[in-house]
Amino acid sequence: MAIIGIDLGTTNSLACVCQEGRPVLVPNSLGETLTPSVVSVDENGEICVGAVAKERLISHPEASAASFKRYMGTNKVFTLTGNSFTPQELSSFVLRQLKEDAQRFLGEEVTEAVISVPAYFNDNQRYATKEAGKLAGIHVERLVNEPSAAALAASRISGEDEGSYLVFDFGGGTLDVSVVDYFDNIIEIVAVSGDNRLGGDDFDEIIARSFCAHHQMDYEGLDSQKRSSLLRLCEKCKQELSRQDEAELVWEAEDKKMPFNNLVLAGLGQDLFDRISQVVESALRDSARSMEEIDEIVLVGGSSKMPVVALYLQTLLKRRPRIIASPDEVVAMGVGIYAGIKERKEDVKDLVLTDICPFTLGTNVVNYADNDNPVMSAVIERNSILPCSKKAYYTNAYDYQRKIVVGIYQGESFYCNENLKLGAVEMEIMPVSKGEACLEVRFSYDLNGILEVEVMDRQLKQMKRKVLTSESVRLSEEELNRRLEELKAYKMMPCGGIRTKVVLARGERLFAQMTGARRQQVVLVMQKIQQTIVGGNDQEMRRCLKEAQEIFDRLEGL
Ligand code: AMP
């Protein structure tokens, strides 16, 4: 059975398989490689994922959800017309769709996958991603950091196996910058830095805010339908600015417009650029490399297509970055190659991909000045190469102490309370004078980001072991199985007639967005499609859909 690689993106998701040592992207039922990471529940209670759901995000916002990857590993609940879903459940629908597409493409069953996650995903977020896989009926062979995958693909595509790369992966909702070495068939992530709340969506928002300010409108006061309508237009305008220097943002429904150009966008984005530079500098600092030691800067991710971003990086790093063909497919290609490694496909079997631990993992030591505010003691430093096992020794803080609680924390803050608590191990210890106890603490972090903690009292020769799960956001095995059964009851929208469904969903969106004569034109087109569905043959249907798309394109000014 095949193992597939999946790039589960904030904005778009892709599946990739490895054939004859090369990554091959899996087309969805529309023949496209990018499937929007959007989920919607339709009138029949069926789940649609991708292009149809993206249209419905505007026409039926109460039934649709997007960007849920940003909330992975949190307790946020999305309610889609009365149906409640966690972010991992919504992600599981996207995974189910990709799995079905891959099965159709390969003509065989797919049960295993390698999924990419942002380097900065913490333990909860990684766990949630695995849970999403499970809910989709996929065994997640391994999680791979997105920059690792990008570096793997970038080096393969460029054909320049040897060298040090700075991979700048700028997506819809996350930025990951990594320094990657590729020597002697070993790809080693030297350092990663990131911001999982910074992406192309933020540029859409600054354009929207500027548009609203220009027209004396209150951006915050827009209802959700209007806001998503405007953001979509802003995204379109932003993307136009990647192809040409000037673009006009026209909001038909409100009868308002405003010209934009790249110079204006560069000015509006100053705060975002500052945040970008912090991430780049942090990656370089952690890697202890200077810019001169980097052979190549590689741009990946959809937002890397923005000329203002490339230009800013050129100024910051004093070097022209290189845009790999189709930057939004690079991560998927990397996981596809990695899936090949997993399957032990001949052509890639010699390749070794190392990963690193993106966060510091440590424990608490006493803060004599404030007992409730313990200090973080690092056991595994961030950017350690995985798998990694480190020992540290601790002692008792008070005379005749009988118990020690070894807290397990993840993060870079000095105080434990400001880091993420993953769990704790409680140990009875030999009651001895302060400083005489000897506790050996071992942290072992594997390639899947699973942490095992062992604590041993060297005097009592007693040992406790814990494999980490964080209670608050994790489901028990029974709950997971129960939810798995419940989710199975949600039927995925069949892919038959998908083109018709996309055009109909687009018509519904345009109807919601437009008014007056334009709206009337949408109605006429929709009626024509409906009549053809009832009475037309295949050929008439194809012609009708083509005409409808042309009219819709004209109405949208595309
Ligand atoms: P990703 O998460 O890598 O799929 O990237 C998605 C982000 O890339 C979204 O914010 C898109 O608006 C943005 N994007 C995609 N294509 C372009 C383009 N041609 N120009 C500017 N931004 C783009």
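**Reading a domain interface and a ligand site**

Biologist: How many residues of domain 1 are in contact with domain 2?

Modeller: Contact means heavy atoms within 4.5 Å. Here 18 residues of domain 1 are in contact with 15 residues of domain 2. This is a predicted model: local features need pLDDT of at least 70, side-chain atom pairs count only at pLDDT 80 or more, and totals for chains, interfaces and linings use all residues. Residues are numbered from 1 along each chain as its sequence is written, and side-chain values use heavy atoms, with hydrogens and water left out.

Biologist: Where do the domains run?

Modeller: Domain bounds come from an automatic or database domain assignment. That assignment gives domain 1 (2–198 + 271–355), domain 2 (357–467) and domain 3 (514–556).

Biologist: What area do domain 1 and domain 2 bury between them?

Modeller: Buried area is the accessible area (1.4 Å probe) that two parts lose on being put together, summed over both. For this pair it is about 1400 Å², with 49% on carbon and sulfur atoms.

Biologist: Which side chains meet in a salt bridge?

Modeller: A salt bridge puts a side-chain nitrogen of Lys or Arg within 4 Å of a carboxyl oxygen of Asp or Glu. Arginine 382 and aspartate 286 meet this way, at 2.7 Å, N to O. The count between domain 1 and domain 2 is one.

Biologist: Which residues are closest to the ligand?

Modeller: A residue is near a molecule if one of its heavy atoms lies within 4 Å of it. Of the 15 residues that surround the ligand, the closest are Gly172, Glu235, Lys238, Ser242 and Gly302. Glutamate 235 has a polar side-chain atom 2.6 Å from a ligand oxygen.

Conventions
Polar contact = N/O pair within 3.5 Å; in protein donor to acceptor, adjacent residues only side chain to side chain.
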